[in-house]
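Trainee: I've got a model open and I'd like to talk through a few local details. Can we go step by step?

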Amino acid sequence: NPVRLLDTRPGQAACFTPGSPLAANVEQSQQARGACQGEMIPQTARAIVGNATVVNSNGGFLTLWPSNAAKPLVATSNFVAGQTFNRHFTVGLGATGMFNIFASAQTDLIVDVSGFFAP
């Protein structure tokens with residue numbers, strides 16, 4: 001079953017609910033493996049597949065990448081101001097089961113995971 005891993009909007013239901021948008025130009029790490037207590041992302045997962053939805057943004061780009069790698073020079077998605085934009089993604093997980101998120105502009109983000117890769 002799909003799982004809503006992250007929703008930054010206040011009052012929403014997800015495994016992680018910080019209640020405030022992503023800050024502009026700040027890298028942050030997001031736990032994925034084992035994050036949802038009994039949900040579908042096991043400790044053996046090496047990568048996840050899902051959708052990243054940007055809401056309430058000023059326009060910019062979003063980048064996702066494994067926590068044990070350097071930030072890539074390419075964006076996962078690009079979006080314009082006021083647009084609710086959904087983009088599929090596949091991202092590897094670092095040794096601790098995390099991936100990194102970077103948004104070039106302040107935005108709310110929803111991350112829905114629909115599957116994983118594991119040995």
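Trainee: Where does Asn56 lie?

Mentor: Keep in mind that this is a predicted model. Asn56 has a phi near 60°, a positive value in a residue other than glycine. At 53% relative accessibility it counts as exposed, because the cut-off for that is over 50%. As for its place, Asn56 sits in the loop between β3 and β4.

Trainee: And Asn25, what is its phi near?

Mentor: Asn25 is in the loop between β1 and β2 (26-31). Its relative accessible area is 53%, so Asn25 is exposed. Its phi is positive, in a residue other than glycine, and near 60°.

Trainee: Which class does the aromatic pair of Phe61 and Phe102 fall into?

Mentor: The structure holds 1 aromatic pair. The ring centres of Phe61 and Phe102 are 5.8 Å apart, with 35° between the planes. Stacked needs under 30 degrees and edge-to-face over 60, so this pair is tilted.

Trainee: Is Phe102 buried or exposed?

Mentor: Phe102 is in strand β7, and its partner Phe61 is in strand β4, 41 residues apart. Phe61 is partly exposed, at 32% relative accessible area. Phe102 comes in at 6%, and the cut-off is under 20%, so Phe102 is buried.

Trainee: Which residue lies over the face of Phe102?

Mentor: We've already got Phe61 paired with Phe102. Over the face of Phe102, at 3.7 Å from the ring centre, lies Lys71.

Conventions:
Residues are numbered from 1 along each chain as its sequence is written. This is a predicted model: local features need pLDDT of at least 70, side-chain atom pairs count only at pLDDT 80 or more; totals for chains, interfaces and linings use all residues. Side-chain values use heavy atoms; hydrogens and water are left out. Rings of Phe, Tyr and Trp (its six-membered ring) pair if their centres lie within 6.5 Å; planes under 30 degrees apart count as stacked, over 60 as edge-to-face and the rest as tilted. Helices (H or I, at least four residues) and strands (E, at least two) are DSSP runs, numbered from the N terminus. Buried means under 20% relative accessible area, exposed over 50%, partly exposed in between (1.4 Å probe, protein chains only). A charge sits over a ring if NZ of Lys or CZ of Arg is within 6 Å of the ring centre and within 35 degrees of the ring normal.
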